[in-house]
Amino acid sequence: MLFTNITILRYICLGKIIVMAKVKKAFFCNNCGYESPKWLGQCPSCGQWNTMVEEVISRGEGPSSKSYAAPGINAKPQKLSEIEASGNEERISFGSLGELDRVLGGGMVKGSLVLVGGEPGIGKSTLSLQIPLSNPNLKTLYVSGEESARQIKMRAERLGGIHDGCYILPETSLDNIIDQAKAIKPELIIIDSIQTIFSTAVESSAGSVSQVKECAVSLLRFAKETNTPVIIIGHITKDGTIAGPKVLEHIVDVVLQFEGDTRHSFRILRSIKNRFGASAELAVYEMTGTGLREVLNPSEMFISTHEETLSGSAVAAMLDGTRPFLIEVQALVSTAAYGTPQRSATGFDVRRLNMLLAVLEKRVGFKIGAKDVFLNIAGGIKVADPACDLAIIMSILSSNFDVAISQKYTFAAEVGLSGEIRPVSQIERRIAEAEKLGFERIYISSYSQKEEKQHKKIKVIRASSIPQIVRDIFQED
Ligand code: TYD
Ligand code: MG
């Protein structure tokens with residue numbers, strides 16, 4: 001009798017263990033979304049350390065019927081030649097926000113999923129609310145998991161243009177969002193933000209890797225099934241990846257990145273992935289008291305307009321994506337107050353600045369080893385185009401000699417390790433932009449391609465070494 005009781009007890013215990021074991025957990029990499037059944041110190045996919053976190057995937061009640069992410073049923077292969085497709089994708093245009101159309105490759109493709117990423121406070125919510133407000137003919141469902149309906153109304157009043165075609169849904173449950181979208185049948189859905197919404201198909205909390213992944217896949221599926229374009233907003237972590245799960249970038253059709261310095265008013269919207277057009281397109285916006293305003297001629301914004309010419313400033317003709325820009329580079333060189341000279345750069349890679357200083361010291365013979373060097377890119381933007389090298393070198397020399405460079409001169413060349421002046425891509429477009437803005441001279445590499453057309457208003461000066469340009473600029477008279 002005792003024996004059977006113990007056996008029954010044991011079976012009950014075992015049964016419990018089996019039920020408990022059904023709670024499905026997994027480890028996800030916070031950085032790239034890699035899934036692993038056990039904890040790992042280093043993620044095998046992206047190589048980051050200490051990024052694996054445990055998440056509950058399901059409580060074991062069987063596969064959730066609520067998941068919209070289930071694979072397609074009974075799909076069959078078709079011959080490519082027999083698939084019917086209209087030549088062009090159907091796109092919706094954002095009217096007065098024409099720059100956004102351009103970044104998307106000519107409007108937003110119906111049924112596409114677009115991710116807009118950016119750091120907190122950069123203006124993602126503002127931009128996403130301006131889209132419905134400036135398009136009264138577009139029936140839009142704006143879902144916010146972060147702000148109440150009243151808060152959104154207050155913001156909309158500030159931005160102006162309230163109309164009947166814009167529906168607001170303060171909601172965080174994906175299931176309800178999809179139900180409401182099916183009922184209202186909007187022409188565009190905006191979700192602010194993907195990290196605040198959750199699906200009941202996954203047990204982990206909102207914002208976790210598995211939730212974000214599940215919600216994005218469900219929305220993608222909804223977008224494709226109903227041919228409704230969906231914009232999702234995603235927060236970016238400090239290191240620049242979109243909210244930990246880089247996995248989002250693989251799921252969506254288009255990734256737009258909203259960047260800029262929150263202390264300045266300029267914002268850049270950049271396309272970093274686009275399944276329907278060229279990536280590397282960008283649009284420039286200015287944050288004003290009444291929302292974001294498009295900047296159609298960015299070059300004029302990034303060149304400061306001081307009356308007299310000041311030493312330490314030079315203009316670079318750079319290219320960002322496919323867009324030529326003229327930006328002002330400012331340098332300050334002073335005798336080092338302490339033993340070790342300081343080098344600091346805002347908007348530019350300080351390692352590249354150190355390299356350029358080493359080139360100046362070693363190859364050109366300028367002694368600035370015992371000087372502090374501060375570099376600043378005007379307007380609070382970040383530059384990575386090597387074509388800025390020459391302008392940076394010239395601004396440093398200008399500050400060092402305390403001799404101003406004419407505001408009518410601009411530079412577009414890379415500087416190599418042996419001090420040589422190297423050609424940069426798309427020189428024609430840089431020259432054209434400088435000419436359009438009334439510059440009188442542009443210094444480029446003598447190895448640059450020969451220009452196809454003659455420039456009447458701008459003098460193109462080809463140089464092969466820094467001393468040659470120094471003679472030309474600082475010893476003119
Ligand atoms: P927001 O869109 O809330 O940023 P995000 O959603 O990316 O976190 O915008 C935040 C900043 O924008 C805030 O600091 C205030 C500023 N802002 C303006 O300057 N003008 C405006 O008209 C609005 C709506 C916001
Ligand atoms: Mg926001």
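The exercises below work through a predicted model, taking its sheet, several helices and one arginine in turn.

Residues are numbered from 1 along each chain as its sequence is written, while chains are lettered from A and ligands numbered from 1 in the order in which they are written. As the model is predicted, local features need pLDDT of at least 70 and side-chain atom pairs count only at pLDDT 80 or more, whereas totals for chains, interfaces and linings use all residues; side-chain values use heavy atoms, with hydrogens and water left out.

**Exercise 1. Give the strand order of the open sheet and state which strands stand at its edges.**

Step 1. Strands (E, at least two residues) and helices (H or I, at least four) are DSSP runs, numbered from the N terminus. Two strands pair if DSSP finds at least two bridges between them.

Step 2. The nine strands follow the order S8-S7-S9-S10-S6-S11-S12-S13-S14, and the pairing is mixed.

Step 3. S8 (166-170) and S14 (291-295) each have a single partner strand, so one side of each is left without a neighbour in the sheet. From one strand to the next the twist averages 25°.

Step 4. Val284 has Val295 in S14 as its bridge partner.

**Exercise 2. Find the angles at which helices H3 and H4 run to strands of the sheet.**

Step 1. Axes are lines fitted to C-alpha atoms, for helices over the stretch in contact (heavy atoms within 4.5 Å). Angles run from 0 to 180 degrees between N-to-C directions.

Step 2. H3 (residues 124-133) runs at about 160° to S9 (188-192).

Step 3. H4 (residues 149-159) lies across S7, S8 and S14, at about 145° to S8.

**Exercise 3. List the buried residues of H5 and what covers them.**

Step 1. Buried means under 20% relative accessible area, exposed over 50%, partly exposed in between (1.4 Å probe, protein chains only).

Step 2. In H5 (residues 174-184), Leu174, Asp175, Ile177, Ile178, Ala181 and Ile184 are buried.

Step 3. Their cover includes S7, S8, S9 and helix H6 (209-226).

Step 4. After H5 comes Lys185, with a positive phi near 55°.

**Exercise 4. Is Arg323 buried or exposed, and which residues does Arg323 contact?**

Step 1. Arg323 is placed in strand S16.

Step 2. Its relative accessibility is 13%, so Arg323 counts as buried.

Step 3. Leaving aside neighbours within four places in sequence, the contacts of Arg323 include Glu99, Arg102, Val284, Val295 and Arg429.
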